[in-house]
Amino acid sequence: MAAFLQLDQVSKAFGAVTVADALSFDVPSGEALGVIGPNGAGKTSMFNLITGTLSPTSGRILFDGQDVTRSSAAKRCRAGMARSFQVPQPFSGMTVFENAMIAATQAGGMHGRTAEQFCLEVLDQTELLDRANTLAGGLTLLGRKRLELTRALCARPKLLMLDEIAGGLTDAECGALIQTIRDIHARGVTIIWIEHVVHALLAVVDRLIVIDFGRKIAEGAPRAIMESPEVQEIYLGIEADA
Amino acid sequence: MNLSDFHVTRTSPAARIAALLGALILIVLIAAPWWAGRADMRLMGELFLYLALASLWNLMAGYAGLVSVGQQAYVGFGGYMLFALTIFGGLHPLGAIALAGALGALIAVPVALLIFRLRGAYFAIGTWVIAEVFRLSFAQVSALGGGSGSSLPVGIVKSLAASRSGREHLSYWLALGSAVLVIAAVYLFLRSRNGLALTAIRDNELAAGSLGIDIWRTKFIVYVVTAALTAMIGALIFLQKLRISPDAAFSVNDWTAFVIFIVVIGGIGTIEGPIIGTLIFFLLRETLADLGTIYLIVLGTVAIVIMLKAPTGLWGLIRSRFDIELFPLRFRVKPSPQSTKG
């Protein structure tokens with residue numbers, strides 16, 4: 001089966017700074033892929049390249065059988081991608097519910113009561129229902145992170161891209177988040193998840209890739225990757241011979 | 001938590017009262033020819049036209065983020081089209097107003113393709129330059145009086161209504177109708193799916209694009225529709241003035257600076273803001289206009305004080321204190337009645 005998302009030698013450089021260096025990998029349909037790597041490794045830049053917020057210097061990106069390398073972010077979203085932003089980007093002057101409604105109506109293609117009901121369900125799932133009428137600009141950082149997840153879910157994507165949504169949660173909240181993402185995965189949604197909270201990631205993903213200096217340095221089964229000496233050294237800063 | 005305990009509503013008691021009061025005020029205003037004097041009606045007519053211009057500029061700048069200082073391009077264009085179409089095209093003035101709108105949209109398309117390449121302050125300057133190009137171009141047309149302008153022939157004026165009072169009533173109702181039409185159109189648009197997209201763009205373009213909203217297309221549509229309606233208002237303005245010249249038609253002071261003042265002090269990015277702003281602007285103008293230059297200094301001072309003390313304008317101040325909206329755009333999630341009992 002052809003890959004649902006394929007990155008083919010994707011590179012991006014800002015002058016002398018390379019944020020993506022010949023990145024190539026495939027994500028089959030229905031997979032949950034975890035992405036780890038040190039701060040500044042280029043994980044979020046990779047998300048920006050996939051979603052169209054950045055355009056690559058070279059290389060190709062294929063999504064659902066289409067070459068989307070030159071497509072706008074909006075077009076890729078309508079083709080079925082949705083993401084959360086690591087640095088939350090709320091519609092500050094609108095309420096939490098309205099933020100969800102924008103995702104459901106513009107990206108999710110829903111209308112009227114159906115959209116409203118769907119948003120209520122997602123807000124319940126992400127524990128923001130009691131803040132539904134709060135202006136998004138008035139949320140705490142944690143609330144804004146939840147709103148990022150909410151919007152991504154309301155978009156009803158085929159490919160869900162999550163960028164560090166578990167940081168700062170209590171154990172109980174993290175458990176609930178894991179369950180939410182598992183449920184979405186079980187529905188057949190393809191997921192790419194960047195996360196520093198490794199235990200949350202390992203509870204969900206089928207496969208891991210490791211990024212450093214814009215390069216893919218390892219790829220494989222989660223446990224094996226986490227235990228490999230090169231990951232221990234580069235990602236966790238532990239000497240290889242220790 | 002049971003989701004059937006919640007429902008979503010877009011109205012509120014305040015909005016229902018506002019709608020009722022609005023309807024009553026509208027009836028009183030429609031009946032103005034029977035209770036208001038000639039001078040008052042002329043003043044109110046001018047007020048309604050400014051209200052329409054301000055509501056349109058607010059849609060463009062406050063929601064689509066297109067801060068144009070060149071809307072006088074379309075006011076003047078509409079005015080000149082009224083003169084050209086009635087004098088040379090032999091059209092009835094009302095037909096000419098409608099056609100001026102269509103032509104305004106047409107001319108806005110290439111203008112938008114040009115100036116949409118500019119961002120922020122450069123966009124603002126670009127719109128002003130375009131307006132100057134319009135002014136200089138119309139000053140070259142000798143058939144329309146060139147730089148000194150021309151007057152609307154008596155025959156065309158009389159085709160509107162035979163008697164003077166008939167014409168005055170008609171132009172008052174046209175001004176009132178255009179303000180009501182513009183506000184209703186803005187309100188209905190903002191309530192629609194596309195209006196939600198536009199509001200999202202206002203708040204965060206990065207997130208809006210990532211949620212499938214075509215930012216360029218949305219802004220383009222807003223710009224072109226705003227241009228068309230502004231041209232129609234321009235035609236109406238010069239139907240009342242009966243005389244047009246390039247300097248009056250493309251005046252940045254009259255058609256843009258005052259409009260920005262109205263929107264900013266009233267509350268940019270809200271439907272209510274331009275209404276409050278227009279009332280305050282006319283109140284200041286009518287009480288201070290005799291003072292000459294001091295009047296403009298007072299206007300500037302008021303604008304500076306409000307921008308510093310209430311950056312969201314007077315309506316922003318009221319809204320944040322009382323959490324009300326007269327034109328209900330918000331979605332509100334409320335507990336359903338049956339669940340509050342149990």
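1. Strands E1 (residues 5-14) and E2 (residues 17-27) of chain A pair in the antiparallel sense over seven bridges. Pairing here requires at least two DSSP bridges between two strands. Strands (E, at least two residues) and helices (H or I, at least four) are DSSP runs, numbered from the N terminus. A:Val10 stands opposite A:Leu23 in E2(A). E1(A) and E2(A) form a hairpin with two residues between them. In the turn, A:Gly15 has a positive phi of about 60°.

2. A note on the basis. This is a predicted model: local features need pLDDT of at least 70, side-chain atom pairs count only at pLDDT 80 or more, and totals for chains, interfaces and linings use all residues. Residues are numbered from 1 along each chain as its sequence is written, while chains are lettered from A and ligands numbered from 1 in the order in which they are written.

3. Two bridges join E4(A) (residues 58-63) to E5(A). One bridge pair there is A:Phe63 with A:Gln66.

4. Chain A is assigned domain 1 (1-80 + 159-242) and domain 2 (88-156). The bounds come from an automatic or database domain assignment. Their centres, taken over C-alpha atoms, are 24 Å apart. Seven residues of domain 1 of chain A are in contact (C-beta atoms, placed from the backbone, within 7 Å) with nine of domain 2 of chain A. On the domain 1 side, strand E7 (159-163) and helix H6 (171-186) of chain A each supply at least two residues.

5. The contact between the chains takes 23 residues from chain B and 32 residues from chain A. On the chain B side, H9(B) gives the largest share, six residues.

6. Helix H15 (residues 293-309) of chain B has 17 residues and reaches 25 Å from its first C-alpha to its last, close to the expected 24 Å. That expectation is 1.5 Å times one less than the number of residues. The number buried (20 or more other C-beta atoms within 10 Å of a residue's own, C-beta atoms being placed from the backbone) is one of the 17, so H15(B) lies largely in the open.

Definitions and conventions: Buried ≥ 20, exposed ≤ 12 C-beta atoms within 10 Å, placed from the backbone. Contact = placed C-beta atoms within 7 Å.
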